[in-house]
Amino acid sequence: MATLIAVNYQHFALTTRRRDHPVTTIEQDPPDERISRSDQQRLGVERRGIEYIPDDERHGRPWQLGAMWSGLVMNVLTVVYGTLLVAMGLNWWQALLAIVLGNLTWLIAGVVSIAGPTAGTTTFGVSQMIFGRIGVRPVAFFNWIMMLGYEVLDLVVMVLATGALLDMAGVKVSIAGHVLIVVILSVLQAVLPLLGHAAITKVLRLLAIPFAAIFLVMACLVADDLHVDDGAPASWALFLGGVALAASGSGLGWSSSAADYSRYLPAGTSRYRIIAAVTAGGGIPQALLMALGAAIAIALPDAGDPIAGLSTVFPGWLVVIYLVLVIVQMLSLNGVDLYSSGVTLQALGVRISRWQAVLVDGVLCGFVGAAVVLSGSFYQFVSTFLLFMIIWFAPWAGVFLVDLARRRGRYPHASAAVYQSFSRAGVGAQVLGMIAAALCINTTVFVGPVAAAFGGADLSIAAGLLAGALTYPILLRLTSRGEAA
């Protein structure tokens, strides 16, 4: 492992206010331990974890946040999501419609983002106000698992790209060689998240331009091989499954990390500009790249992963440039995943610093990534993972959005917020929403009874969102009446 810079910062202080309702508050740093923005800029390492971001450390504008999301989604995995839609059996027009509907969920990510500047903390720092300090932990655990899954996907793509480059150079990679590549890339991917928020956002903004250029060239080259009239339309059930997969891989799937990156914006930043920047910055390029993925899948139907067979469609020089950019982009993308999973691990109540959390996730990612690479079942892993994650984050999004509307987007500063230990309303709505989503999901390993009754139609996103959103205010009213009584 590379030498790491150990950084210290405060933890949540648990303060009992009343015996019947234990609550917590986040203590302010002592004056001699506070971290100024100039110190962070000089050191190049972010020292903040889940705690409140003071006003003197706030910076940036909404368009920069949107540009960060653009740089994030301009990656090969976005193309993969589009190819999966065709692999499911959707024709060209069905795939396009599923892509448009799925990417409309970037509006959810935009709305969640406005909580960051107001509360000054991460998405799951804000979620503690909804579910309680202890009640949020199971939900945060699911988010941590999801981030770990995304990290594995990114790592596997990097290994495939590295192997393809070596193969083009005449070097045959053995099983031991693949394991060595996994270890090296696992170390490299930890650098950016250790540096923190400022480094991640800057690198992603810079990568947006070269990736936009390379994908534009690829789109022009594949256009002649695209036959949009080929293929009979898939069933209604398969189409709904495609919409669920597209939403899971786009805005809805990123909503749980949205406030992690907007929290550094000044508290007075326009909410409408934040929503517009995130929705457009993430949704437009991701929809275009998913469409490119669908086009590549039609032109290259026999590829077993996002790297295999590229040389049969694109010239060798373009494939080399593309693969190099893929590795760089995946390293940056895993910086986002490792950063968010680190602060989520803190929300779980684990007494661990952010850089230590990055190392823990990096090691776990390496082990799981090696297993996926050696198994050779990339597409199956991706589709199953994306669909199963809907079970938890669709209800969470419904509860979060209703709570945000109830508060009118006005959250107390995390430095002075008071948390109850366990919110029966928040946790109850989450559980009911997860049950509803599980009943309506359709995957290769599990089909919910409701989905089966409707001919395999996957209604998990709508069921989870609506169940969480509708039951939360009802449970809030019932629990408040019980406490008053």
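Visitor: Why does Glu151 count as buried?

Guide: The relative accessibility of Glu151 is 0%. The model is a predicted one, and Glu151 lies in its helix H8, residues 136–168.

Visitor: How do you know that the side chain of Glu151 makes a polar contact with the side chain of Ser341?

Guide: The two side chains are 2.9 Å apart at this contact. The cut-off for a pair of N or O atoms is 3.5 Å, so the pair qualifies as a polar contact.

Visitor: Which residues does Glu151 touch, not counting those up to four places away in sequence?

Guide: Glu151 touches Asn334, Asp337, Leu338, Ser341, Asp361 and Cys365.

Visitor: What makes H8 and H16 roughly antiparallel to each other?

Guide: The axes of H8 and helix H16 (residues 316–347) come within 8 Å and cross at roughly 160°. Angles over 145 degrees count as roughly antiparallel, and H8 and H16 are therefore placed in that class. Their crossing is left-handed. The residues of this contact divide into 24 nonpolar, 7 polar and 4 charged.

Visitor: Which residues of H2 and H15 meet?

Guide: In H2 they are Pro62, Trp63, Leu65, Gly66, Trp69, Ser70 and Val73. In H15 they are Arg273, Ile274, Ala277, Val278, Gly281, Gly282, Pro285, Gln286 and Leu289. The residues of this contact comprise 10 nonpolar, 5 polar and 1 charged.

Visitor: What makes helix H7 mostly covered?

Guide: Of the 9 residues of H7 (residues 123–131), 9 are buried. They include Phe124, Val126, Met129, Ile130 and Phe131. Just after H7, Gly132 takes a positive phi of about 95°.

Visitor: Why does Arg408 count as exposed?

Guide: Arg408 has 63% relative accessibility. Exposed means over 50%, so Arg408 qualifies. Arg408 lies in the loop between helix H18 (378–406) and strand S2 (418–420).

Visitor: What is the phi of Arg408?

Guide: Phi of Arg408 is near 60°, a positive value in a residue other than glycine. Most residues other than glycine have a negative phi.

Visitor: What are the totals for the chain?

Guide: The chain has 21 helices and 2 strands. Buried residues make up 58% of its 485 residues. Among contacts between residues at least 6 apart in sequence, 86% join residues at least 24 apart.

Definitions and conventions:
Residues are numbered from 1 along each chain as its sequence is written. This is a predicted model: local features need pLDDT of at least 70, side-chain atom pairs count only at pLDDT 80 or more; totals for chains, interfaces and linings use all residues. Side-chain values use heavy atoms; hydrogens and water are left out. Helices (H or I, at least four residues) and strands (E, at least two) are DSSP runs, numbered from the N terminus. Buried means under 20% relative accessible area, exposed over 50%, partly exposed in between (1.4 Å probe, protein chains only). A polar contact is a pair of N or O atoms within 3.5 Å; within protein, one must be able to donate a hydrogen and the other to accept it, and residues adjacent in sequence count only if both atoms are side-chain atoms. Contact means heavy atoms within 4.5 Å. Axes are lines fitted to C-alpha atoms, for helices over the stretch in contact, and angles run from 0 to 180 degrees between N-to-C directions. Angles under 35 degrees count as roughly parallel, over 145 as roughly antiparallel, 65 to 115 as roughly perpendicular and the rest as oblique. A crossing is left-handed if the near helix is turned anticlockwise from the far one by less than a right angle, and right-handed if clockwise. Ala, Val, Leu, Ile, Met, Phe, Trp, Tyr, Cys and Pro count as nonpolar, Asp, Glu, Lys and Arg as charged, and the others, Gly among them, as polar.
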